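This report describes a fold and its side-chain contacts.

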Amino acid sequence: MYLRKKILLAEDDKDDQDFFHDFLHEREDIHLLPIASNGEELLEYLHNTTELPDAIILDQNMPKLNGLQTLQQLKITSRYSDIAVMVYSTSTDDNLIKESNMLGATLVVSKPSSYKGYQRMIDELISHL
């Protein structure tokens with residue numbers, strides 16, 4: 001038996017939340033923690049839990065705190081700084097990639113357009129843990 005990797009998702013789009021929930025719950029190697037609707041909710045969850053995730057998936061385009069702003073807060077807080085963080089967006093331009101990498105992102109990816117694309121994205125994230 002192996003330990004399931006704990007994943008925390010910050011995503012404001014309800015349809016994407018539902019897809020991630022269904023997709024990640026199918027995987028036996030993953031335990032999906034509660035989904036946050038924005039970066040503020042994610043940071044609040046982390047502040048109030050003893051169960052830290054192995055990885056965090058951040059949507060770049062969220063209200064209140066976007067992916068980069070949330071990533072910055074995670075990496076300057078010693079309690080969270082070692083957690084693997086993946087930033088994803090519908091468009092990953094060079095600036096997003098550069099800024100994410102400078103802030104300490106583990107991965108920066110374009111939002112997949114297919115089920116197999118999501119499988120590859122999650123497999124890549126898990127391979128970094």
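In what sense do strand β3 and strand β4 pair, and over how many bridges? Strand β3 (residues 55-59) and strand β4 (residues 84-89) pair in the parallel sense, over five bridges. Ala55 stands opposite Ala84 in β4. Two strands count as paired if DSSP finds at least two bridges between them. Strands (E, at least two residues) and helices (H or I, at least four) are DSSP runs, numbered from the N terminus.

The model is predicted: local features need pLDDT of at least 70 and side-chain atom pairs count only at pLDDT 80 or more, while totals for chains, interfaces and linings use all residues. Residues are numbered from 1 along each chain as its sequence is written, and side-chain values use heavy atoms, with hydrogens and water left out.

## The sheet and its helices

The pair β3 and β4 belongs to an open sheet of five strands, in the order β2-β1-β3-β4-β5, with parallel pairing. At the edges are β2 (30-32) and β5 (107-110), each of which pairs on one side only. On average, neighbouring strands of this sheet are turned by 25° against each other, direction ignored. For such angles, axes are lines fitted to C-alpha atoms, for helices over the stretch in contact, and angles run from 0 to 180 degrees between N-to-C directions.

Helix α2 (residues 39-47) packs on the sheet and touches β1 (5-10) and β3; the direction of α2 makes about 145° with that of β1. Helix α4 (residues 94-103) also packs on the sheet, touching β4 and β5, and its direction makes about 155° with that of β5. Contact means heavy atoms within 4.5 Å.

Strand β1 pairs with β2 in the parallel sense over three bridges, and Lys5 stands opposite Ile30 in β2. β1 is also joined to β3 by four bridges, and these two strands run parallel. Here the bridge partner of Leu9 is Ile57 in β3. In general, strands of a sheet pair through backbone hydrogen bonds, either parallel or antiparallel.

β1, α1 and β2 make a right-handed β-α-β unit. The crossover is called right-handed if, with the strands pointing away from the viewer, the path from the first strand over the helix to the second runs clockwise.

## Salt bridges

How many salt bridges does the structure hold? There are five. A salt bridge is a side-chain nitrogen of Lys or Arg within 4 Å of a carboxyl oxygen of Asp or Glu. The table gives three of them.

| Pair | Closest N to O distance |
|---|---|
| Lys111 and Glu11 | 3.9 Å |
| Asp16 and Lys111 | 2.6 Å |

Glu11, Asp16 and Lys111 are linked in a network of salt bridges. Lys111 forms a salt bridge with Glu11; Lys111 is in the loop between β5 and α5 (115-127) and Glu11 in the loop between β1 and α1 (14-25), 100 residues apart. Lys111 also forms a salt bridge with Asp16, which lies in helix α1, 95 residues away from Lys111.

Buried means under 20% relative accessible area, exposed over 50% and partly exposed in between (1.4 Å probe, protein chains only). Glu11 is buried, with a relative accessible area of 0%. Asp16 is buried as well, at 17%.

Asp123 counts as partly exposed at 40% relative accessibility, whereas Arg27, at 16%, counts as buried.

## Aromatic pairs

The structure holds seven aromatic pairs. Why is the pair of Phe19 and Tyr115 edge-to-face? The ring centres of Phe19 and Tyr115 are 6.4 Å apart and the planes stand at 90°, so the pair is edge-to-face. Rings of Phe, Tyr and Trp (its six-membered ring) pair if their centres lie within 6.5 Å; planes under 30 degrees apart count as stacked, over 60 as edge-to-face and the rest as tilted.

Phe19 is in helix α1 and Tyr115 in helix α5, 96 residues apart. Phe19 counts as partly exposed at 29% relative accessibility, and Tyr115 counts as partly exposed at 36%.

Phe20 and Tyr118 form another edge-to-face pair, with 5.4 Å centre to centre and 85° between the planes. This pair also links helix α1, which holds Phe20, with helix α5, which holds Tyr118, 98 residues apart. Both Phe20 and Tyr118 are buried. One aromatic cluster is formed by Phe19, Phe20, Phe23, Tyr88, Tyr115 and Tyr118.
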